[in-house]
Each structure stands twice: as structure tokens, then as C-alpha cells.
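Good morning, and thank you for coming.

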Amino acid sequence: MTTEPIITEEQVDKVALLGKVPLFAGLDTGRLKQLAAASRVCVYPDGAEIIEEGVEILTFDDGLYLLIDGAVEVRKDSTDGVDGRLLARFGPGEFFGEMALLDDEPRSASVYAVTDSLCLVLSRWDFHRQLHGDPDMAVKMLTVLARRLRVTSGR
Ligand code: CMP
């Protein structure tokens, strides 16, 4: 059995992938390159818990997740990715994990891969740097958060 990672950093054109993420649409190549250098490629098999509800962000490799390929589900009070309350499903181009970065509280829900998934992950520090330096990105994120709140409130 092999322990080789399925995808390595070198195999992924992070600049091209970040350019397709709506949150960063409009960024010039220089800024995309900076973000690409700061982001980490993470691959999750179907069923993997990417974010665990209630956990504090302590490690540098945790942060904002940009879903490049695959699908994830956000669940509250879940122990296995099947039980608990389904809050949202996200697909390629969407982001998650922003809440704990914004309010410095533990993770509000768990996030599970529901197919093999590939994410680019920005650390808390790089996320905040981007947020402060890119008002367009901040406004886009607010728009998405407002939409998500509407969906949740509508339930
Ligand atoms: P965070 O709290 O850092 O980690 C869990 C993530 O799930 C959270 O950030 C959001 O990205 C996402 N999330 C939590 N609640 C909801 C919701 N009601 N609708 C959509 N996404 C959510």
C-alpha cells in the first residue's frame, strides 16, 4: 500500500485555481501569486472531517478553506458526517471556515467531504492580511455571509 500523497503542491497550479475562486475575481496576477504562495493544498477523501465543531484554531495549517474540487457538507451536532443537522452544502469555488477566523470563537459546525475533495487553505494570518488589503474581497464575503444567513433563517 502506498503512502504517497495523491496530489502534491507542485502538481497544482494554485494561481490558476485561485483565479477561478469568485472571492478573488479581479485580483491581478501579482496578488494571486502572493495568495498562492501563502495557501496550502489539502486533499480529503470522501467522508473525511475537514473541520470539527467546537475546536479552536490553534495550528498554522488550519484557516479559511477554498473548495477547488469536490463537495462538502456543513453539519451541526454530527458525530459521523451523516447524523446531526445539515446546514449547507458547498461545491467548487465556494469557501468555508471563515466564521471562527472572524469572531475568534471555536468552529461553529463540522464540515465533511462528501466526495473526494481538494481545498486550498489560507492561514488565519494570511486570511486577515487579505481581508484588510482587499476591500472587494471583504464585500464579496459579506454578501455570501448575508445569503447564507438568509438560507439558515429561512429554515
Ligand atoms: P467556522 O465556524 O469557522 O467552521 C465551520 C464552518 O461552517 C463555518 O465557519 C462556516 O464556514 C460554515 N457554516 C456554519 N454555519 C453555517 C450556516 N448556517 N450556513 C452555511 N455555512 C455555515
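In what follows, Ala, Val, Leu, Ile, Met, Phe, Trp, Tyr, Cys and Pro count as nonpolar, Asp, Glu, Lys and Arg as charged, and the others, Gly among them, as polar. By that scheme, the shell around the ligand holds 10 nonpolar, three polar and three charged residues.

The model is predicted: local features need pLDDT of at least 70, side-chain atom pairs count only at pLDDT 80 or more, and totals for chains, interfaces and linings use all residues. Residues are numbered from 1 along each chain as its sequence is written, and side-chain values use heavy atoms, with hydrogens and water left out.

Around the ligand there are 16 residues, each with a heavy atom within 4 Å of it. The closest are Gly 97, Glu 98, Arg 107, Ser 108 and Thr 152.

Let me turn to polar contacts, that is, pairs of N or O atoms within 3.5 Å. A side-chain N or O atom of Glu 98 lies 2.7 Å from an oxygen atom of the ligand. For the side chain of Arg 107, the corresponding distance to a ligand oxygen is 2.6 Å. Ala 100 takes part through a backbone N or O atom, 2.9 Å from an oxygen atom of the ligand.

Which residues does Gly 93 contact, leaving aside its neighbours within four places in sequence? They are Val 21, Pro 22 and Leu 67, where contact means heavy atoms within 4.5 Å. The C-alpha atoms of Gly 93 and Gly 19 are separated by 9.8 Å, although these residues are 74 apart along the chain.

Definitions and conventions
Polar contact = N/O pair within 3.5 Å; in protein donor to acceptor, adjacent residues only side chain to side chain.
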